[in-house]
Amino acid sequence: MGLQLFNSLTRSKEEFKPLEEGRVGMYVCGPTVYGHAHLGHAKSYVSFDVLVRYLRYLGYNVTYVQNITDVGHLTDDADEGEDKIGKQAQREKKHPMAIAEFYARSYFKDMDMLNCVRPDISPRASGHITEQIELVRTLLEKGYAYEVGGSVYFDVSRFKDYGKLSGRNVEEMIAGARVEVSPDKKKPVDFAIWKKAEPNHIMQWPSPWGMGYPGWHLECSVMSMKYLGKTIDIHGGGLENQFPHHECEIAQSEAANEAPFVRYWLHNNMVTVDGQKMGKSLNNFITLKQAFAGEHERLKQSYEPLAVRQLILNSHYRSPLDFSDAALFAAQSGLNKITEAVKAVRKRLSTAPEGQVDNETAEQLKQLTEKFEAAMNDDLNTSVALSVVFDLVRVANKLLQDDNANAQTLGAVDDLFSKLGGDVLGIVKSEYIDNIGIQDETINDINNDIFRLFLEFRELEKEHKNYGTADAIRSYLGTAGYEVQDTPKGSVIKQVKHYQFLREEAEKYRHKIIEEYRKRYTK
């Protein structure tokens, strides 16, 4: 059986067949960058990251597009309220684009920490204003939109299939709409594709209808069409975006192009806290930075980014994930078992004798691969796929107990760890940091050579009884979240808090350390 995906449009699992054989165009709704990414974002973007990885594992050439919303997303997710980025700009007393840049960089850093592959293209809404204006013009010319006082609205009554994705009935939506909202609209369900900007609105552009800015739904239609064509293979996003965002995308795209917009719609479910959706509007969210540092009242300790990723993989992408510290702790423990097994296999490889791959082990690896692929082909069942990696851990541990295990057999096990746990699930690293002097693989804010230099210099200072400098190094690292431990084999650094290192201060300190080190211990 080939890859089966649950298509939200047809409400059924379907065999995946791309429009063009061997090639996949995939678009995922990216973040609105007005705050740090939280665990809800991680659920969505890890889920679609696994899909991209698995498609590539199957041999597809994937073009992955994920946008950045930096204008037009209003506070009520429809046509009313303030621009979310503009509102945050007022709160922080910064220009909206400064807000967007800061939080976009923060988002990408968090995704890198989660080991999500970077999209092939990360277009921004503000960089595609010309194309959005052209789409509005097309919809007006075709009679699907109307202009009122500088704003342009999509006329839902003209698009007969509106509601086909969410299963909503237009007449029922009209009956249940609030009559006081948007008096300029012909009907309450019509949605804005261009909004007139008030004079004090910073983010605005000239258009045939006056100064304004695009509606939130418009950007995804424009950018997906520009980079992937009029009909794309896969469109992903959170379940909360199914209506109105994705419904409106379908309407404006198919009205303009007279062609199907998306062949497979995929929606991930949400992260909940005590049964309630996690979100910024509810103020019950935990940012990824807080999770990594353990700096939240719901967390008892800091967690590796890959432990967060593993927690997400424990649940199906279409199922809700109820967050708790206990669940994250269990994910961290599971990750540790996998990591320890992989490192042990790789360490043993360097000294193992040559030989043929053991037949029994080869058969076990074949069966595990088949079980893994069957799980992933069943609508990306990552929880079962993850259990296969734990089965592989048991195979590895048994093999490590055999003094005669050869390099080829161990190499086959390592190769499967890399393919299934690394290439697809993204929880096995291609390389692990040499732990001589460093006890935590998550130290990555500053080059590890600097930490080694700290340790080496401290050891030399202790030998020369310069304890003041040695203590200063220990104290400084402590303020950055790293504990220096003295052991019979020398000093090691262990991360106790995942603080973001103060780079300016660290650079000054680094140069001072290097200068003193060279002065005292090099010719």
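Helix α1 covers residues 39-57 of this predicted model. At 1.5 Å a residue, its 19 residues should span 27 Å. The end C-alpha atoms lie 26 Å apart, which agrees. Of those 19 residues, 17 are buried, so α1 is largely enclosed by the rest of the structure. Just after α1 comes Gly59, with a positive phi of about 105 degrees.

**Overall make-up**

The protein holds 16 helices and 15 strands. It has 523 residues, and 54% of them are buried. Take the contacts between residues at least 6 apart in sequence: 73% of these join residues at least 24 apart. The accessible surface comes to about 23,700 Å². Carbon and sulfur atoms account for 49% of that surface.

**Nonpolar cores**

In soluble globular proteins, nonpolar side chains tend to be buried together. The largest nonpolar core here has 91 residues. Which members touch the most others? They are Met26, Ile234 and Val308. Leaving aside residues up to four places away in sequence, Ile234 touches Leu5, Phe16, Val24, Gly25, Met26, Tyr27, Leu51, Leu55, Val262, Tyr264 and Leu266.

**A hairpin**

Strands β5 (residues 145-148) and β6 (residues 151-154) run antiparallel, joined by 4 bridges. Tyr146 stands opposite Tyr153 in β6. The hairpin has 2 residues between the strands. Gly149, in this hairpin, takes a positive phi near 55 degrees.

**Backbone details**

Phe243 and Pro244 are joined by a cis peptide bond, with omega about 10 degrees. Pro244 sits in helix α7 (residues 242-257).

Two residues other than glycine also deserve a look. Lys93 has a positive phi, and so does Leu380. Each lies in a loop between helices: Lys93 between α2 and α3, Leu380 between α11 and α12.

| Residue | Phi | Loop between | Relative accessibility |
|---|---|---|---|
| Leu380 | about 55 degrees | α11 (359-377) and α12 (382-400) | 4% |

Buried means under 20%. Leu380 is at 4% and therefore counts as buried.

Definitions and conventions
Residues are numbered from 1 along each chain as its sequence is written. This is a predicted model: local features need pLDDT of at least 70, side-chain atom pairs count only at pLDDT 80 or more; totals for chains, interfaces and linings use all residues. Side-chain values use heavy atoms; hydrogens and water are left out. Buried means under 20% relative accessible area, exposed over 50%, partly exposed in between (1.4 Å probe, protein chains only). Contact means heavy atoms within 4.5 Å. Accessible areas come from the Shrake-Rupley method with a 1.4 Å probe; for residues, only the protein chains shown count as cover. The expected span of a helix is 1.5 Å times one less than its number of residues. A nonpolar core is a set of buried Ala, Val, Leu, Ile, Met, Phe, Trp, Tyr and Cys residues joined through side-chain atoms within 4.5 Å. Two strands pair if DSSP finds at least two bridges between them.
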